[in-house]
Amino acid sequence: MGEVLNLLSETRGLVCIECGRCTGICPVSRAESRFSPRSVLVRMIHEDVEGLKDNPHIWYCLTCGLCSEVCPMELDYLQFTALTRKIANRLGEEAYCSHGGALQSLMRIMTDPKLKPDKFQWAEGLKFNKRSEIGYFTGCLPFFDTIFYDLKLETGSIARSAVRLLNRIGIEPALIPEERCCGHDLLWMGDLENFRKLAEHNIEVIEKQGLKKVVFSCPEGYRTFKLDYPRHFGSLPFEVYHIFELLKGHKFETEKKTITYQDPCRLSHHLGLDQLPRDIIASTGLDLVEMRHTRRKSICCGVASWISCTVYSKRIQLSRLEEARATGAEILATSCPKCLIHLNCAQQDLPEGDRIPIQDLLTLIS
Ligand code: SF4
Ligand code: SF4
Ligand code: SF4
Ligand code: SF4
């Protein structure tokens with residue numbers, strides 16, 4: 001029981017009073033009644049590591065963090081899930097990976113230090129300064145364009161927009177030529193070994209490049225550097241910022257459009273940054289109309305870490321899209337490339353008239 005007991009005490013799993021509030025709010029439980037966050041916990045208390053074997057429910061959680069917002073006992077369900085999957089991974093249990101595991105393979109390939117990823121074509125024509133102490137972390141954006149070419153989303157343009165906006169407020173950042181995937185998805189799948197390799201590599205190359213600040217447009221990369229790298233490696237030798245933190249206080253002229261906004265879980269539930277994107281929207285010509293579930297009550301886009309994309313994901317996505325359409329907004333804005341991909345993907349089966357254009361917020365502003 002040692003390892004499981006440690007996990008339960010570290011995440012306050014033993015103080016659960018079985019009130020069921022987590023199950024009541026969990027988007028997965030609402031879409032798939034056989035799943036409940038509490039039952040995963042209870043099974044581990046009763047069965048120890050045996051409760052992880054052949055238990056598909058340990059991979060269902062979207063790691064959105066919504067349940068932790070309502071838990072009266074302040075149970076850390078996110079960390080509970082991360083640690084549970086770490087043990088499951090070691091036991092040889094596997095998540096069902098979307099797209100045949102192509103994205104996970106890509107992340108694992110990137111752990112090879114000899115690799116030279118050629119992913120900066122998006123940066124042409126923008127202003128960079130190799131000697132800048134501020135770096136822009138591109139992450140996996142350019143690869144998504146290739147993998148999801150059929151969705152025609154141009155996720156690479158999110159990076160272009162981010163740097164264009166930084167240029168507009170007087171920042172010419174440096175690219176980070178040796179950067180790799182931040183390891184977010186591998187961490188949440190329990191593959192600590194490869195997460196650590198990616199993280200160690202990134203910390204080392206950023207330090208070697210002499211960067212003092214690193215700016216992220218991807219909420220997942222930002223969360224990973226902000227919370228997970230320090231958790232695993234101690235304080236970092238540089239500061240990390242989400243781009244919204246740097247854009248705040250500036251004005252941006254845009255077309256006048258009505259938008260609604262999908263809060264990325266990593267910003268809202270994980271980091272409590274639900275006001276920041278709204279401050280940015282308020283500094284533009286965009287009008288925001290909120291969905292029914294918004295800010296700290298917002299619902300995830302239905303898939304996390306490219307695992308367990310299944311029928312309940314589709315239900316969550318379709319209901320989220322319905323909420324967005326009900327606002328009457330012209331555009332559903334997101335600030336997470338994966339929300340953009342998953343929600344656009346979910347719309348593909350809808351008749352043209354039932355769809356809402358989905359766009360990245362930075363792209364809308366730049
Ligand atoms: S909300 Fe918290 S205390 Fe209540 S059942 Fe869920 S984990 Fe347990
Ligand atoms: S983190 Fe989200 S998906 Fe996971 S159990 Fe909690 S509410 Fe459900
Ligand atoms: S893709 Fe967006 S909404 Fe989905 S888990 Fe990641 S941050 Fe949350
Ligand atoms: S929603 Fe679409 S893009 Fe996202 S994991 Fe599922 S199949 Fe892939």
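Buried residues are those with under 20% relative accessible area, exposed residues those with over 50%, and partly exposed residues those in between, for a 1.4 Å probe and protein chains only. The structure is a predicted model, in which local features need pLDDT of at least 70 and side-chain atom pairs count only at pLDDT 80 or more, while totals for chains, interfaces and linings use all residues. Residues are numbered from 1 along each chain as its sequence is written, and side-chain values use heavy atoms, with hydrogens and water left out.

**View 1. The buried residues of helix H15 and the elements they pack against**. Helices (H or I, at least four residues) and strands (E, at least two) are DSSP runs, numbered from the N terminus. In helix H15, which spans residues 275-282, the buried residues are Leu276, Pro277, Arg278, Ile280 and Ile281. Their packing partners are helix H13 (243-247), strand E5 (257-262), strand E6 (286-288) and helix H18 (361-365), where contact means heavy atoms within 4.5 Å.

**View 2. The interface between domain 1 and domain 3**. The domain assignment, which is automatic or taken from a database, divides the chain into domain 1 (2-90), domain 2 (98-247) and domain 3 (257-365).

**View 3. The salt bridge between Arg296 and Glu69**. A salt bridge is a side-chain nitrogen of Lys or Arg within 4 Å of a carboxyl oxygen of Asp or Glu. The closest N and O atoms of Arg296 and Glu69 are 2.8 Å apart, and the count of salt bridges between domain 1 and domain 3 is one.

**View 4. The surroundings of Asp191**. Asp191 lies in the loop between helix H10 (184-188) and helix H11 (192-208), and is buried, with a relative accessible area of 6%. Its side chain makes a polar contact with the side chain of Arg108 at 2.8 Å; a polar contact is a pair of N or O atoms within 3.5 Å, of which, within protein, one must be able to donate a hydrogen and the other to accept it, and residues adjacent in sequence count only if both atoms are side-chain atoms. Apart from neighbours within four places in sequence, Asp191 is in contact with Asn89, Arg108 and Leu186.

Terms used
Chains lettered and ligands numbered in written order.
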